[in-house]
Amino acid sequence: MRTFTKLLKTELKLNIRNMNMVIFAIFMPIIVLVILGFIYQAKPAFEGAGYTFLEQSMSAVCTISICACGLMGLPLVVSGYRERKILKRFRVTPISPVMLLGVEFTIYVLYAFVSMVLLFPIATLFWGVTLHGSWPAFIGSWLLTMISTLSIGMMVGGIARNEKMASVIASALYFPMLIFSGATFPFEVMPGVMQKIVSLFPLTQGIQLMKATSLGQPIEHIWIPVVVMMAVTVICTGVAVKCFKWE
Amino acid sequence: MREEAIKVTNLRKSYNGKAVVDNLSLSVKTGMVFGLLGANGAGKSTTIECILGTKQADSGEVSVLGYHAKWNRRKLFQEVGVQFQEGDYQPEIKVFELCEEIECLYKNPADWRQLCERFGIGDKLKNAVKSLSGGERQRLFIVLALIPNPKLVFLDELTTGLDARARRTVWKILEDLKK
């Protein structure tokens with residue numbers, strides 16, 4: 001435990017010093033929120049809706065940092081450390097791969113958490129956003145979405161041959177998910193065929209679930225997103241740990 | 001009777017069919033300084049890496065402090081310090097951060113501040129590792145290899161990049177540590 005907290009402290013410091021994630025996971029979601037806030041203000045989502053457009057978008061805005069962490073930050077750090085032979089140096093120390101991955105994983109959990117914790121007060125203060133559903137249900141769905149997305153990143157970082165490859169795979173996942181899963185572009189306005197395709201993304205499932213829990217809507221077939229995301233988490237984490245390469 | 005710290009028998013390693021290490025056997029007893037000499041590309045680093053388990057030998061037996069590097073990795077590296085030829089570090093890391101990060105991995109770490117002092121980089125703790133000169137960085141990597149309070153230490157290209165005086169200092173310190 002002492003090792004874990006010490007490593008976490010140093011690695012987190014290095015990560016913040018690098019600034020990339022501070023920009024993409026902390027500032028960018030806030031900027032998107034502010035833009036949406038200025039455009040839609042406190043307008044209802046549609047005529048006669050019991051919630052505002054912004055309230056409907058909150059879950060999607062929360063996933064911007066999750067995407068940045070899981071599909072950019074995490075895979076690039078792990079594969080970069082491998083390419084720079086930092087993992088090789090760790091290999092001749094008593095550290096376990098699980099500990100190392102765990103530390104990096106936790107850093108991105110913290111980013112995603114800080115992002116969410118900043119977004120809600122800002123939205124509430126300026127545009128009166130409230131959570132219509134229950135907080136525990138929303139937090140639960142947020143956790144599930146975050147952990148499943150981060151586990152994808154951990155797998156990519158674990159198996160990519162080098163940083164370049166990891167970066168290609170990460171972008172191939174990051175951009176489609178960010179654009180089409182409803183994080184930037186509302187799922188509701190997409191044509192039916194497209195909705196079916198993007199429903200295959202675990203992130204789409206996550207956003208739908210977060211949306212329903214935050215707006216307090218009844219959820220049909222709640223087991224589908226839950227099962228999809230849990231399966232993704234278990235498979236990706238398993239592959240990441242099993243196929244972990246130091247070099 | 002001294003114990004055997006490293007025992008290598010019939011080690012073979014080839015890259016793409018070209019033999020780099022061919023039927024090497026060696027034994028290092030505790031309290032001994034063992035130097036592996038050879039021209040560039042002679043296979044010195046490959047031998048060290050096969051002993052440490054970071055490279056898979058084609059055949060042969062290796063035991064270090066009675067452990068097999070692959071199967072007892074975590075136990076072995078509690079007691080062994082390693083300095084690689086091409087040591088790398090996180091891009092923005094500072095000297096004290098790198099030392100702390102290594103220190104926290106061990107059960108009985110040495111005092112790295114003292115080590116840095118002895119190796120003449122005690123005043124550079126707050127500097128970024130990448131801002132150190134070649135010789136300072138080399139000395140830092142020796143410090144890192146000594147942080148575990150190791151029973152056995154592997155030093156690859158120990159004095160490369162060090163001037164004559166620094167070389168002598170490093171040898172002297174290591175000689176003292178051996179006692």
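Visitor: Which strand and which helix of chain B each supply at least two residues of the lining of the largest cavity?

Guide: In this predicted model, they are strand E4 (80–83) and helix H5 (134–146) of chain B.

Visitor: How do you know that Tyr106(B) belongs to the lining?

Guide: A lining residue has an atom within 4 Å of a cavity point. Tyr106(B) is listed in the lining of the largest cavity, so Tyr106(B) has such an atom. Arg89(A), Val92(A) and Thr93(A) line this cavity too, and from chain B come others, including Gly81(B), Phe141(B) and Pro148(B).

Visitor: What makes up this lining by class?

Guide: There are 8 nonpolar, 3 polar and 1 charged residues. Arg counts as charged, so Arg89(A) in the lining is a charged residue.

Visitor: How many cavities of 30 Å³ or more does the structure hold?

Guide: There are 5 of them.

Visitor: Why is the second largest one called a cavity?

Guide: The name is used because a 1.4 Å probe fits there but cannot get out. Its lining consists of Val78(A), Tyr81(A), Leu87(A), Leu100(A), Leu101(A), Glu104(A) and Phe244(A).

Visitor: What is the largest share of that lining, and where does it come from?

Guide: H5(A) gives the largest share, 3 residues. Helix H3 (53–83) and helix H5 (97–127) of chain A each supply at least two.

Conventions: Residues numbered from 1 in each chain as written. Chains lettered and ligands numbered in written order. Predicted model: local features only at pLDDT ≥ 70, side-chain atom pairs only at ≥ 80, totals over all residues. Heavy atoms only, no water. 1 Å grid on protein atoms, 1.4 Å probe; cavity = no way out; pocket = protein on both sides within 12 Å on 5 of 7 lines; lining within 4 Å. Points joined across faces, edges and corners; volume = space filled by probe spheres on them. Helix = DSSP H or I, 4+ residues; strand = E, 2+ residues; numbered from the N terminus.
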